Amino acid sequence: MSPAAPPTDLHELFARVRVVPVVVVEDEAQALALGAALLDGGLPIAEITFRTAGARAAIAAVTRELPELVTGAGTVVNAEQVDQAVDAGARFVVSPGLSADVVRRAQHHGLPIFPGVATPSDIMAALALGLDVVKFFPAGINGGVPAIKALSAPFPGLRFVPTGGVSAANATDYLSLPSVLAVGGSWMVEKALVEAGDFAEVTRRSAQAVALAASTQTAALTATAVPATISASAAAGK
């Protein structure tokens, strides 16, 4: 199995889009309809989670039929699923927690990886693996905005993608933080909407999410002008 071709700069895309839909679909048909609805709403990115038996086929269908939608694999919990994501054409990998095996397998394939962290120890392990962007998960029950503010102090070069408990009502609170690159959320792709086939509502909510993200765009672009890696002096505690 050859390494995946590097995608467009995912960090830049996250900083521009600022909202990453976290998607649960049962099959290819749902995935394609949902992907088209996201694109119609102005969201060119999606994380399709490995929570269903049809996830791998769904990712493959979307990457084949809707190449303009940058599609990643979410809820990746072992190295074998990383291989499956690569085979399906995923452009990035998201994990609920930090596994060195998962990170290294993604790095082997040249695939951007965003593992979940919740504690300073998790973050230090992520930094040791060469990462400078992590998922903060589950954000809501792990302190939310105040927690990210606190964690940003000792790790000033790290960028976060909070997920879990993020909604249209509080996304702006997260996105206003300089250390937050983007947020992950499912409010625009709720399971009930997908099961009902209400993709017009998915498009409407996606457009609203795009507008919400645009309101924080200036702050995000300013933050991305700072190097994403932690400086030697900061790492040394100076």
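The model is predicted, so local features are reported only where pLDDT is at least 70 and side-chain atom pairs only at pLDDT 80 or more, while totals for chains, interfaces and linings use all residues. Residues are numbered from 1 along each chain as its sequence is written, and side-chain values use heavy atoms, with hydrogens and water left out.

The protein chain holds 12 helices and 8 strands (DSSP runs numbered from the N terminus, with H or I over at least four residues for helices and E over at least two for strands). Of its 238 residues, 51% count as buried (buried is under 20% relative accessible area, exposed over 50%, and partly exposed in between, with a 1.4 Å probe and protein chains only). The accessible surface of the chain comes to about 10,000 Å², of which 57% belongs to carbon and sulfur atoms (areas are from the Shrake-Rupley method with a 1.4 Å probe; for residues, only the protein chains shown count as cover). Among contacts with a separation of 6 or more, 63% come from residues 24 or more positions apart (contact means heavy atoms within 4.5 Å).

Two packed helices are described by the angle between their axes and the distance between the axes. Helix 2 (residues 28-40) and helix 10 (residues 199-214) pack at about 35 degrees, with axes 7 Å apart (axes are lines fitted to C-alpha atoms, for helices over the stretch in contact, and angles run from 0 to 180 degrees between N-to-C directions). On the helix 2 side, Q30, A33, L34, A37, L38 and D40 take part, and they meet F199, V202, T203 and S206 of helix 10. By class, this contact has 6 nonpolar, 3 polar and 1 charged residues (Ala, Val, Leu, Ile, Met, Phe, Trp, Tyr, Cys and Pro are nonpolar, Asp, Glu, Lys and Arg charged, and the others, Gly among them, polar).

Helix 5 (residues 100-108) has V102, V103 and A106 as its buried residues. Seen down the helix axis, these fall within an arc of 100 degrees, so they line one face of helix 5 (the arc is that of the directions from the helix axis to the C-beta atoms). Their cover includes helix 4 (79-88), strand 4 (93-95) and strand 5 (113-117). On the other side of helix 5, D101 and H108 are exposed. After helix 5 comes G110, with a positive phi near 75 degrees.

Beyond its neighbours within four places in sequence, G72 is in contact with A46, E47, I48, I59, A90, R91 and F92. L158, in the loop between helix 7 (144-152) and strand 7 (159-162), is likewise buried, at 1% relative accessible area. L158 and L131 are 27 residues apart in sequence, with their C-alpha atoms 8.4 Å apart.

R18, in the loop between helix 1 (10-17) and strand 1 (19-23), has a positive phi near 70 degrees although it is not glycine, and R18 is buried at 1%. T75, in the loop between strand 3 and helix 4, has a positive phi near 55 degrees. The peptide bond from F137 to P138 is cis, with omega near -15 degrees, and P138 lies in the loop between strand 6 (133-136) and helix 7.
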